[in-house]
Structures are given as C-alpha cells and as structure tokens.
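My notes follow in the order I looked things up.

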Amino acid sequence: MPVTRLKEQRRRPSVALESTIYAFGLPYPSNVELGWKLARTIAATGAEAKTFAVIDGDLKVGLSDDELDRISRAQEPGADTVLKLNASDLGPAMALGMTGATTVSATMALAAGAKVRVFATGGIGGVHRGANETFDESQDLTALARYPVAVVSAGAKAILDLALTLERLETLGVPVIGYRTRETGFPAFYTRSSGLPLALSVDDVPTLARVLRAHWRIHPSVGVLIANPIPEEFALDPAVIEAGIGLALAEAREKGVRGKALTPFLLKRLDQLTDGRSVEANVALIENNARLAGDLAVALAELDPEDKT
Ligand code: PSU
Ligand code: MN
C-alpha cells in the first residue's frame, strides 16, 4: 500500500512535554510511570512526545529512560541537584553546566525554537492567591504571550487565584479556548468547573486546529491556552480539595515558603492531605491533555501538510 508507506515516511508531528511535573509536581515513582505512559498515549494518536530538560548543561529534546529517572528522583533523599528552570533560567543553566527541569515557560521557549506547536501539561502557573501583596505571578503567563505554542492544560492550577489568572491572560492578549467547556466554563484543574465563564468553547479537534491556524496568521508569535477539563470520573470533590488548598496555603504562609518553592510545596501537601487523591487526579488530567494534544498535533499537520513542523 503505497499511501501508507508515504505516510510513514512523513515526519510524525511532535507534542512537547515539560519536565517540572516529574521533578517537582509528582512523587516518585508515579512521576516516572506517568512519563512512560505519556509517551505511549501520544504515540497512539500518531504524534511523538518530546520531553524537554537541561542535563549537565545540555539541552535535551526527548529523554532516555535514565534521564527521565534522574529528573523524577529530584526530590528523593541524596539526589543530585535538579533546578526548576523558567524560560529566563535556560541560558545560564546551559552555560554553567547545570541540570534542571523545564517549567511551562521554559518548555514553551524551547518548543517554539524547535518549531513544536503543541504542548501538553497539567495546569499552567498563574497569579497566586494574595499576589496583590507578594507579586507572585508565574512566568508561564508572560511565556504564553511570547511563544507561539498551544498549551493543552486543565486550565491553571487550583492553588492559584483563577479569576486573576484569567484577567492577566486577557491583559497579555493570550486567547483561552475551552475544549468542550460549554457547561463548565473555565476548569479548575482537579474539578471540572471554576464557576468562571469562558467565552470560547470548541467541541472537536479539527475546529481547534483551524482556530490555532487562524490565530497564528494574525499573531504569529503569541501562544494559546487550551483548557480541557479533567474527565468526570477522575474529578475530585470541590469541597475536599478547596479545604486542602486552604490548609496547605496557611502552612506555606506560616513557614515562609515563597518563590519557586511555593508551587511544589503546595502540591506535595495536597498529596498528603488528600491521601494521594490529588496525585491520582493530576496524573489522569495530564494523560487526558496528552491525548488531546496528540490529536491536535496530528490535525494541525493535516491542515498544513507542507509545514515540516
Ligand atoms: N502542572 C502540574 N504540575 C506542576 C506544574 C504544572 O500538573 O508541577 C509546574 C509547571 O512546570 C509550571 C510550574 O510551569 O508548575 C509553575 O510554577 P510557578 O508557579 O512557580 O511558576
Ligand atoms: Mn512564582
């Protein structure tokens, strides 16, 4: 069958993956197991997963099993230092021979450089609760305004102030497109609905691909946030998760946890406070995002077969 052979010869579309979810977002060994699973999930869509990281100063586009394991053991006792790299940290980390996991912002910068248009994660960083005093807003937000990559997420992490995060995305000119969010509005990571309305909801992947293509014709250097709610069967009870977030935030304040350490601290405390249910939900929503991202990368490649990205 010559048609099949021709298709096989064509380069598979890529989906970028970040490495901070492995280093600082999920406990060992659920993180490394998720890494293996995402590679299979994305391959099943016809796309190829590419996980970004910096290892001993070298930029990695795709990790070996050993490299994934090393990044995933970042928080294990006695592990070598693994940094949490924002986009702005990449140059210094590479020049100085450091090892680091890439956040959403760093992964977007690298994906844009590698001409990878679609990126799957859990939830982006955004405006932290209390940011009017701390000024703590994730570099993920400015990266979305700066790099032409579609980030498939379950919205922004629920530990954040989601209303302020949406306001900031609007200011930055980043479109937020819901995937089947007509009933839920903007998702809230562990739960399907934040109660915040979302003007745009798309119901199928080919339409999503056309929306991206049109966006990039007008704004060739601006990213897009795709908000894909966690599947119903994995969603947590909103009251339980909100109570956990309240406790974890109070503890962080008491202990003076700030800056880059805050998000990993909150995620780890939520894991403990929910008996692992927050991690189960986190894994499920990332997998759900990876599947959509794979389908989207394939649909984009079908729209523009000449585009070698
Ligand atoms: N999504 C998850 N878990 C995570 C993250 C995202 O499900 O740990 C990471 C991403 O790498 C994101 C980072 O860029 O958290 C945000 O960190 P901060 O709030 O410090 O910008
Ligand atoms: Mn921050």
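**Ground rules.** Before reading any packing angle, I note that axes are lines fitted to C-alpha atoms, for helices over the stretch in contact, and that angles run from 0 to 180 degrees between N-to-C directions. Helices (H or I, at least four residues) and strands (E, at least two) are DSSP runs, numbered from the N terminus. This is a predicted model, where local features need pLDDT of at least 70 and side-chain atom pairs count only at pLDDT 80 or more, while totals for chains, interfaces and linings use all residues. Residues are numbered from 1 along each chain as its sequence is written, chains are lettered from A and ligands numbered from 1 in the order in which they are written, and side-chain values use heavy atoms, with hydrogens and water left out.

**Entry 1: H3 against H4.** I started with helix H3 (residues 30–45) and helix H4 (residues 65–72), which pack at about 145 degrees with axes 9 Å apart. I logged the crossing as right-handed; the convention is that the near helix is turned from the far one by less than a right angle, clockwise for right-handed and anticlockwise for left-handed. Which residues meet here? On the H3 side I found Asn31, Val32, Gly35 and Trp36, and on the H4 side Asp65, Leu68, Asp69 and Ser72. Contact means heavy atoms within 4.5 Å. By class I get 3 nonpolar, 3 polar and 2 charged residues. The classes are Ala, Val, Leu, Ile, Met, Phe, Trp, Tyr, Cys and Pro as nonpolar, Asp, Glu, Lys and Arg as charged, and the others, Gly among them, as polar.

Entry 2: I stayed with Ser72, in helix H4. Is Ser72 buried or exposed? It counts as buried because its relative accessible area is 3%; the cut-offs are under 20% for buried, over 50% for exposed and partly exposed in between (1.4 Å probe, protein chains only). Leaving aside neighbours within four places in sequence, Ser72 is in contact with Tyr22, Tyr28, Asn31 and Val32. Tyr28 made me check the backbone there: a cis peptide bond joins Tyr28 and Pro29, with omega about 5 degrees. Pro29 sits in the loop between helix H2 (20–25) and H3.

Entry 3: I count H13 as mostly covered, with 20 of its 27 residues buried. The largest nonpolar core has 101 residues, and those with the most contacts inside it are Ile71, Met108, Tyr190, Ile226 and Leu296. Such a core is a set of buried Ala, Val, Leu, Ile, Met, Phe, Trp, Tyr and Cys residues joined through side-chain atoms within 4.5 Å. H13 supplies the largest share of this core, 13 residues. I also listed partners of Ile226 beyond four places in sequence, among them Val151, Tyr179, Leu208, Leu292 and Leu296.

**Entry 4: the E8–E9 loop.** Thr181 lies in the loop between strand E8 (176–179) and strand E9 (201–202). At 1% relative accessibility, Thr181 is buried. Not counting residues up to four places away, Thr181 touches Leu198, Leu200, Ser201, Ala227 and Pro229. Ala188 is in the loop between E8 and E9, and is buried at 9%. The C-alpha atoms of Ala188 and Pro229 are separated by 7.6 Å, though 41 residues apart along the chain.

**Entry 5: positive phi.** Phe135 has phi near 60 degrees, and lies in the loop between helix H7 (131–134) and helix H8 (139–146). Phe135 counts as exposed because its relative accessibility is 68%. Asp275 has phi near 55 degrees, in the loop between helix H12 (262–273) and H13. Asp275 is exposed, with a relative accessible area of 68%.

**Entry 6: a last pair.** Gln272 is in helix H12 and is partly exposed at 45%. Arg146, in helix H8, is exposed at 53%. Arg146 and Ser105 are 9.5 Å apart, C-alpha to C-alpha, and 41 residues apart in sequence.
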